[in-house]
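Keep the structure open as you go.

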Amino acid sequence: MRITIVYDSEVKKPGLRADWGFSCLIEAQDTPKMLFDTGASGSILLHNLKELKFDPSDIGIVVISHPHGDHTGGLQDIMEANKDAELYLPQSFRGGISAKWITKIKEPFEIRHNIFTTGELGGVEQSLVINTDKGLVVIVGCSHPGVGNILDAATRFGKVYGIVGGFHGFHDFDRLDPLSLICPCHCTQYKSAIKRLFQDQCLGCGAGLVLEL
Ligand SMILES: [Zn+2]
Ligand SMILES: [Zn+2]
């Protein structure tokens, strides 16, 4: 099981472009390649995917965390490059998007074996929960419902091993203590504090970062 950061305000690999927004690609056994969020710009997303040797037409599943432009900007381009991809949107998503297979998510749901969505939390955002060999890994977009609430929602699926994505203004740092992997990306306001407090568990995010789990 592998997570590759495709879109972030930092880069970890030469040739990739940094920008405000978030996207990552999930490769799990017996599951089509899955894109979580699409960054702010379709051209930057497609550029970074190409640099990382991913073909957009290979992406079988697209999940959008929440309807903010820094997560949906590349959506139309991805769906045009891949007309057969399944698209999972939070229930609150508004706006025209043409796709063959659209599922609106409100409640927790198993998208594929060992890959779950928390359901839409706080009326705005869904997060992914992936059951890896090491435990559950939670993937978040901006964490608008709050990292604590997202972790609480994820525990219905088991014990959480790690969290990756944008934590926004989250600063209830004790909640991160039990985790073995903390990867604060994108909009995380207290990135340096989190890195300082959790040196052993924390991994610096950036486009091109690959997490093998
Ligand atoms: Zn964001
Ligand atoms: Zn947002």
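S143 is buried, with a relative accessible area of 4% (buried is under 20% relative accessible area, exposed is over 50%, and partly exposed is in between, using a 1.4 Å probe and protein chains only). This residue sits in the loop between β10 and α4, and its phi is positive, about 55 degrees, although S143 is not a glycine. Helices and strands here are DSSP runs numbered from the N terminus, with at least four residues (H or I) for a helix and at least two (E) for a strand.

A word on ground rules: this is a predicted model, where local features need pLDDT of at least 70, side-chain atom pairs count only at pLDDT 80 or more, and totals for chains, interfaces and linings use all residues. Residues are numbered from 1 along each chain as its sequence is written, chains are lettered from A and ligands numbered from 1 in the order in which they are written, and side-chain values use heavy atoms, with hydrogens and water left out.

Donors are N, O and S atoms within 2.8 Å of the metal (3.2 Å for Na, K and Ca), and water is not among the atoms, so sites may look incomplete. The zinc ion (ligand 1) lies 3.7 Å from the zinc ion (ligand 2).

**Strands around β11**

Now look at β11 (residues 160-166), where 7 of its 7 residues are buried.

| Strand pair | Sense | Bridges | Facing residues |
|---|---|---|---|
| β10 and β11 | parallel | 5 bridges | V140 and G165 |

From β10 the chain runs through α4 to β11, a right-handed β-α-β crossover. Right-handed means that, with the strands pointing away from the viewer, the path from the first strand over the helix to the second runs clockwise.

**Helix α1 and its surroundings**

In α1 (residues 42-51), the buried residues are G42, I44, L45, N48 and L49. Seen down the axis, they fall within an arc of 165 degrees, so they line one face of the helix; the arc is that of the directions from the helix axis to the C-beta atoms. Their cover includes β1 (2-7), β2 (23-27), β3 (33-36), β4 and α3 (75-81).

Just after α1, K53 has a positive phi of about 65 degrees. In the loop between β3 and α1 you find D37, which has a positive phi near 65 degrees and is buried at 0% relative accessible area.

Over in β2 is E27, buried at 18%. Leaving aside neighbours within four places in sequence, E27 is in contact (heavy atoms within 4.5 Å) with M1, R2, T4, K33 and F54.

Methods: Pairing = 2+ DSSP bridges.
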